[in-house]
Amino acid sequence: MRHLISPLDFSVEELNNLLDLASDIEHNPEKYSQICKGKKLATLFYEPSTRTRLSFEAAMLNLGGSVLGFSSADSSSAAKGESVADTIRIVSCYADIAAIRHPKEGAPLVAATKSGIPVINAGDGGHQHPTQTLTDLMTIRSLKGRLDNLTIGLCGDLKFGRTVHSLIKALVRYTGIKFVLISPKELTVPDYIKQDVLDENNIEYKEVRQLDDVMPELDILYMTRVQKERFFNEEEYIRLKDSYILTQDKMKLAREDMLVLHPLPRVNEISVEVDDDPRAAYFKQVQYGVYVRMALILTLLELEVK
Ligand code: NCD
């Protein structure tokens, strides 16, 4: 049985197959509309979410399956003290596949070891968010036509932003990838990622504090929200939350074909005036998120259209 816990759980070849399947789903949705008939997806969300949970649910419904689950720890037996390991054993009797979001790093991995059904990590604390990464890769591949030879600016909360950590891990496997890491000094990419992922793979990168100076170099600008819920100190959050605000003036410095991505939710970091710029890809990204989750469910359940 396969799970998706880390973005590296799929090889580059498997990932390409998954993105090809997602693209076929995008163009021929009716072909897949009944393939999960009789199958159930459980969404076990111990942390707030709009997109990830609803896009998983939409994905399963689009495939003809059904969904069950909970959307907060308070409304589940976690409030009574049940462990994630016990919960997944129970859910294995009710559903065929589960997506888990949890504030503790490693919780979905623990669940996978005890699970009778495939487990998908839908975000674990400040650690990883592999299905957002699949979404990001599909967006880049669909709109840029490639996943290699790209200069990618990652901007905002690179310390706590799990989407950034997963995206870096996934992209270093392609050739010609360069990163520009744009953050305040308090929110830089953790050392373990610099050493074990960037340095280990000889990836070219630089760390900068200013967005304007590097705008003209970028093929992709990946904006992120400062992760309020991971701060121990509210004053520190307030001081850092508006470190970067992407405006139309800043967009004038960028290439004509640069793409702006954001995992969403947006707070202040992208001004709404940028939404109408043809380079703003963050709402398209949401739609791609449904197709890749459909492809992921089919892949983990080993279902194919005959
Ligand atoms: C992200 C997350 O939960 O890490 N959201 C999402 O799943 N699209 C990003 C964020 O919350 O800032």
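Author: About 80 Å³ of space lies in the largest cavity. A cavity here is a set of points on a 1 Å grid over the protein atoms alone where a 1.4 Å probe fits but cannot get out, and its volume is the space filled by probe spheres set on those points, which are joined across faces, edges and corners. The model is a predicted one, in which local features need pLDDT of at least 70 and side-chain atom pairs count only at pLDDT 80 or more, while totals for chains, interfaces and linings use all residues. Residues are numbered from 1 along each chain as its sequence is written, and side-chain values use heavy atoms, with hydrogens and water left out.

Reader: You mentioned Ser-55. Is Ser-55 buried or exposed?

Author: Ser-55, which is in helix 2, counts as buried at 7% relative accessibility. Buried means under 20% relative accessible area, exposed means over 50%, and partly exposed is in between, with a 1.4 Å probe and protein chains only. Leaving out residues up to four places away in sequence, Ser-55 touches Val-290 and Arg-293, where contact means heavy atoms within 4.5 Å.

Reader: What about pockets, then? What volume does the largest pocket have?

Author: The largest pocket has a volume of about 390 Å³. A pocket is an open set of points with protein on both sides within 12 Å along at least five of seven lines. It is lined by 21 residues, and Arg-101, Arg-162, Arg-225, Leu-264 and Pro-265 lie nearest its centre. Helix 2 (51-62) and helix 6 (162-171) are the elements that give two or more residues to this lining, which holds 4 nonpolar, 10 polar and 7 charged residues. Arg-225 is also one of the residues lining the second largest cavity.

Reader: And how many nonpolar residues line the second largest pocket?

Author: Its lining has 5 nonpolar residues, together with 1 polar and 3 charged. Leu-21, Tyr-32 and Leu-298 are among the residues that line this pocket, and its volume is about 150 Å³.

Reader: Changing topic: which residues of helix 3 are buried?

Author: In helix 3 (residues 84-91) they are Val-84, Ala-85, Thr-87, Ile-88 and Val-91. Seen down the helix axis, these residues fall within an arc of 160°, so they line one face of helix 3; the arc is that of the directions from the axis to the C-beta atoms. They pack against strand 1 (40-45), strand 2 (66-70), strand 3 (97-102), helix 4 (107-114) and strand 4 (119-124).

Reader: What comes in the loop between helix 3 and strand 3?

Author: Asp-96 is found in that loop, and it is partly exposed, with a relative accessible area of 24%. Its contacts beyond four places in sequence include Gly-38, Ile-117 and Leu-301.

Reader: Last one: how many aromatic pairs are there?

Author: The count comes to 4 aromatic pairs, taking rings of Phe, Tyr and Trp (its six-membered ring) whose centres lie within 6.5 Å, with planes under 30 degrees apart called stacked, over 60 edge-to-face and the rest tilted. Phe-231 and Tyr-237 form an edge-to-face pair, 5.7 Å centre to centre with 70° between the planes.

Definitions and conventions. On a 1 Å grid over the protein atoms alone, a cavity is a set of points where a 1.4 Å probe fits but cannot get out, and a pocket is an open set with protein on both sides within 12 Å along at least five of seven lines; lining residues have an atom within 4 Å of a point. Helices (H or I, at least four residues) and strands (E, at least two) are DSSP runs, numbered from the N terminus. Ala, Val, Leu, Ile, Met, Phe, Trp, Tyr, Cys and Pro count as nonpolar, Asp, Glu, Lys and Arg as charged, and the others, Gly among them, as polar.
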